[in-house]
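Work through the exercises below with the sequence and the 3D view at hand. Each task is followed by a solution in steps.

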Amino acid sequence: MGIVVNSVIERLTEDYETEDLLRVLWIDGELENLVLMSIKDIKKKRMPIIINYAVLLEEIAEGKSRIIEFDEDIELLSPDEDYLEKYRENRNRRWELIKEIAQREPDIYLSKSRGQLLRETYLVTGKPVKVIKDYLLKYWFHGKSINGLLDNYLFCGGPGKGRVYKQKPGPYSKNRYIVTETDIEIFKSSIRLFHIRQGMNILTTYERMCETFYKRGYYRKYGVRVPIIDPDRSPSLRQFRYWYTNNTSAFGREENKRGKRRATMNVRPLVGNASERAHCVGAVYEVDATKSDIILVSFDRKTILGKPTLYVVIDVFSRLIVGYHVSLASESWFEAMVAVNHAATNKVEFCARYGILIKEEEWPCQALPQSLVGDRGELKAQMSERFVNLNVDVLNAPSYRGDLKPYVESHFHITNETIRQLLTGSTEAKQMVRGDYDPARESAWTIEEFNRFLIIYFLTYNKSALSRNYIPTKEMFAEQIELTPLKVWNWDKGRRLLHEKTRDELRHNLLPRGIGKVTRFGIRYKNLFYTSQLGLDEGWFEGNGLGIEGMREVEISYDPRNCSSIFIKRGKKLVTCLLTGRSKEFEGLHFDEVDKLFEYRDMQIKEQEKNEKQHKAELHAFTGELDKLATKVTKGATQDTSLFSRKQNMRETRATDSKVWGSISAITHVEGSRIADGLSSTNAEVIPFPDKESEVERVTLADGNIDIQMLFSRKSKERRRKDEPTK
């Protein structure tokens, strides 16, 4: 670095500390001599000195001196227009005073000729020589800049420095209290104790502070001790507010009042841009959910269902709606994954399912992004790690920080405003008060109809003009790209970050998973059984085999909204398994409905098992009595008969009894005749069944003497009467 005018030379001591700072004011044409002025101390300005140019170069070479970069007083040398306008006249007057002699170089630097020039200027202007000399020194000190002659009031008063007052500053007031360091410590404690911890406002905090720290005693009233506050020996509310305002930032005051989260959202510096990471199409997708401002009805139009949940996936760079999902379920990881899956699937097939025919160029997005931004609620789950398999980075926004995904949040406002303007049964997201009209009275849309509306709405939005806050790139300007989400998306530049995945990959990674058990009846999952042709061909379900590749338990993927099928990963393929015949009746149901059905079954079985105990008690009581009677009568009839004689004529007697029993139970049997009558017509000795007129034993129970036999007989007749067909 060469030596030029206004170069700053730093002279060093033997310990390499700064000895002096010298500014170069003039260099002669032959490079023999140069003029230097010390600028180390602005309060003690010294006259310039002349030294040999070669000697200075030698000092620099020996390391005794060095050329440095010096930060000039830019506030004074380049002031703002208001300050310059205020003091320009004084600066110009001073410059006119010294301009003639300041330009007479090198005479003005020589002590003999300088004295003569100063005296001549004094005689012409009448200004004292000392004043003229001071103006010259200021001019040289600031690098021969005219602005160096400005009045330097920039640092007057010691801005930023605290003062110690002996009396209260400002106009006279009755309160002459002076705030001390002790008071400041009390202020800090009061803010921490009452304002931050207990949530009091500044006025109440000040009152509690005076009651706690500036009391001079107590008196009793209403049976309690009341502190006595001395106003003359305590700071005023204005002093307390002044200290709090000047010693805390706007962010700190908002944090103390409403918490760090609200302060971060409301008063933090907005120096960043949420779209900085989105340098091209597919770089960042944002996904979020909200309640749509419409009240839906059931498919039979009779039941009001409330507001649906709407998930939207938006590409940050182009602002294109790349996917969505509307559901009656609450926000969850699975519902968000359905929206992401929709963003990565073909829109022509999707719209055709709802009777809307479009061309692929009308909604061309069917790919995954490089990064996905969403709420911690949905995307912080462990299952979000599956995005690694899809080459997607998940960026979780902190809780309650919708400002970190502003584009999808702002789109919700536009969508809900459109819904309120166009659809019957729409409502604003506000608390209803007594007397408000209930918009549910006009609700008429089903979720299927609302879904069809959303398809047309998103197609329209993608063709609409972008917001005025959108900043196009210079490449867009050069190619004159139409600024609509669809045109920016279709722009050929920068779509390199988009990547597509097969339907099987999306299903395997985005759908929830479970463990199924391989049995002879099929793969069992949640009490349902599934099978596939591949499983039948490979013998998964045969006998007591080893299941699938030796495993009885296998990981499956499933869609909770429909239990008709599940998916099993086999190599590079995803095998679809359908319900077997024994589970076919559940086809088309939601897994939650299946759980409810089996829950109902288990509950009913447990309930009926309780009732079954009483029914079994009836059976056991009747059987016991009948067994006793039959045993008694049989023993009486066979008292003098041997076992051998009882087995005689078994075949003939069996045939005869078979005919008698067949006659009694025949369809042509005469109604009204008793079984005992039929039996008595035979020569065989029969055992009459007990009836109302027959003599039965009385059974004594714990709660009294109750004829159990009569009770059983009456209940049996009542059941038979209910089972008889109505004539």
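Contact means heavy atoms within 4.5 Å. This is a predicted model, in which local features need pLDDT of at least 70, side-chain atom pairs count only at pLDDT 80 or more, and totals for chains, interfaces and linings use all residues. Residues are numbered from 1 along each chain as its sequence is written, and side-chain values use heavy atoms, with hydrogens and water left out.

**Exercise 1.** Locate G543 and state which residues G543 touches, not counting residues up to four places away in sequence.

Solution. Step 1: find the loop between α19 (533–538) and β18 (553–558), where G543 lies. Helices (H or I, at least four residues) and strands (E, at least two) are DSSP runs, numbered from the N terminus. Step 2: with the sequence neighbours left out, G543 touches R520 and R552. Step 3: compare with T519, which is 24 residues from G543 in sequence and 8.8 Å from G543 in space, C-alpha to C-alpha.

**Exercise 2.** Decide why G543 is classed as buried, partly exposed or exposed.

Solution. Step 1: buried means under 20% relative accessible area, exposed over 50%, and partly exposed in between (1.4 Å probe, protein chains only). Step 2: G543 has a relative accessible area of 40%, so G543 is partly exposed.

**Exercise 3.** Classify the aromatic pair of Y109 and W140, then that of F521 and F529.

Solution. Step 1: rings of Phe, Tyr and Trp (its six-membered ring) pair if their centres lie within 6.5 Å; planes under 30 degrees apart count as stacked, over 60 as edge-to-face and the rest as tilted. The structure holds 21 such aromatic pairs. Step 2: Y109 and W140 are 5.4 Å apart, centre to centre, with 45° between the planes, so the pair is tilted. Step 3: this pair links distant parts of the chain, 31 residues apart, with Y109 in the loop between α3 (81–102) and α4 (111–125) and W140 in helix α5 (residues 129–141). Both residues, Y109 and W140, are buried. Step 4: for F521 and F529 the centres are 6.0 Å apart and the planes make 65°, so the pair is edge-to-face. Step 5: F529 has 10% relative accessibility and therefore counts as buried.

**Exercise 4.** Which residues do ring pairs link into a cluster?

Solution. Step 1: collect the tyrosines of the cluster, Y324, Y354 and Y457.
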